[in-house]
Amino acid sequence: MGRSLRFEPGTIVAMDKGYVDFKWWKQLTEDGVYFVTRFKQDLKYAITAEREPPKNSPVRRDVDIRITPYRQDFELNLRLVTVWDEEKEEEITFLTNHLKFGATTIARIYKERWQIELFFKSLKQLLRVKTFVGTSANALKTQLWTALIAVLLLKYLHLKSTFNWSFSNLVALLRQQLFVYRDLFPWLNDPYQAPPVPAGVHDVNLTLDFQGF
């Protein structure tokens, strides 16, 4: 599906390293479209220039490279940026056709892609948007916008609460409160309190009158 899309010049596409397609990369470059992806270790390349990594940054290496695809009549002039991931304690190398951005910016672009993946993961897991009720563009957009509105409301409640909620627990327990008559905001700050008993309603035994039968 990704290869069938056409992008405006200047667009930056952040993609998974599964999209290794030299002809597609060539087409994107000719269209003025930039891409950032993870580098696959088995790709063969030649270094054409080395750049000075920024000082006091996680960038370990920044080089210009040339890839000559096997049995193809073209070359690709690309760039490799290697950064140190403090959280995972490992080096991560990115491949891009953008030769002007700073190395830290290249790494940041791909990191934003992770945020997008996490966002859609939360839509599917927390709001159970696993399938779509329609296949038209409007049906998809309507369901996604509805989910986004729900996320916005939930994030607001999460922000307002003084209780140490995890977002997933808030969503799960809030779903259980939909059929309970209670004030929402006090519950957010003290979720383990019993729901108030509505005025005029008491736990009493009801008697059945069978005289009319």
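**Helix α4.** I began with helix α4, residues 167-176, in this predicted model. I looked up its buried residues and found F167, L170, V171 and L174. Down the axis of α4, these fall within an arc of 95°, so they line one face of the helix. I then asked what the buried residues of α4 pack against. I found α2, α3 (137-160) and α5 (184-189).

**Helix α1.** Next I took α1, residues 22-30. Its buried residues are W24, W25 and L28. Their arc, seen down the axis of α1, is within 100°, so they too line one face of the helix. I noted that their cover includes β1 (12-15), β2 (34-38), β5 (76-85) and β6. On the face turned away from the buried side I found K23 and E30, both exposed. I checked both ends of α1. At the start, a side-chain oxygen of D21 comes to within 3.2 Å of the backbone nitrogen of K23. After the helix comes G32, with a positive phi near 75°.

**H98.** I located H98 in the loop between β6 (90-96) and α2 (103-126). Is H98 buried or exposed? I read a relative accessible area of 8%, under the 20% cut-off, so H98 is buried. Its side chain reaches the backbone nitrogen of F101 at 3.3 Å. Leaving out residues up to four places away in sequence, I listed Y34, R79 and I106 as contacts of H98.

**Surface patch.** Last, I looked at I116, which sits in helix α2. I116, F119 and F120 make a nonpolar surface patch of about 270 Å².

Technical notes:
Residues are numbered from 1 along each chain as its sequence is written. This is a predicted model: local features need pLDDT of at least 70, side-chain atom pairs count only at pLDDT 80 or more; totals for chains, interfaces and linings use all residues. Side-chain values use heavy atoms; hydrogens and water are left out. Helices (H or I, at least four residues) and strands (E, at least two) are DSSP runs, numbered from the N terminus. Buried means under 20% relative accessible area, exposed over 50%, partly exposed in between (1.4 Å probe, protein chains only). A polar contact is a pair of N or O atoms within 3.5 Å; within protein, one must be able to donate a hydrogen and the other to accept it, and residues adjacent in sequence count only if both atoms are side-chain atoms. Contact means heavy atoms within 4.5 Å. Patches are made of residues with over 30% relative accessible area and no salt bridge: like charges are joined within 9 Å, nonpolar side chains (Val, Leu, Ile, Met, Phe, Trp, Tyr) within 5 Å. Accessible areas come from the Shrake-Rupley method with a 1.4 Å probe; for residues, only the protein chains shown count as cover. A salt bridge is a side-chain nitrogen of Lys or Arg within 4 Å of a carboxyl oxygen of Asp or Glu. The arc is that of the directions from the helix axis to the C-beta atoms.
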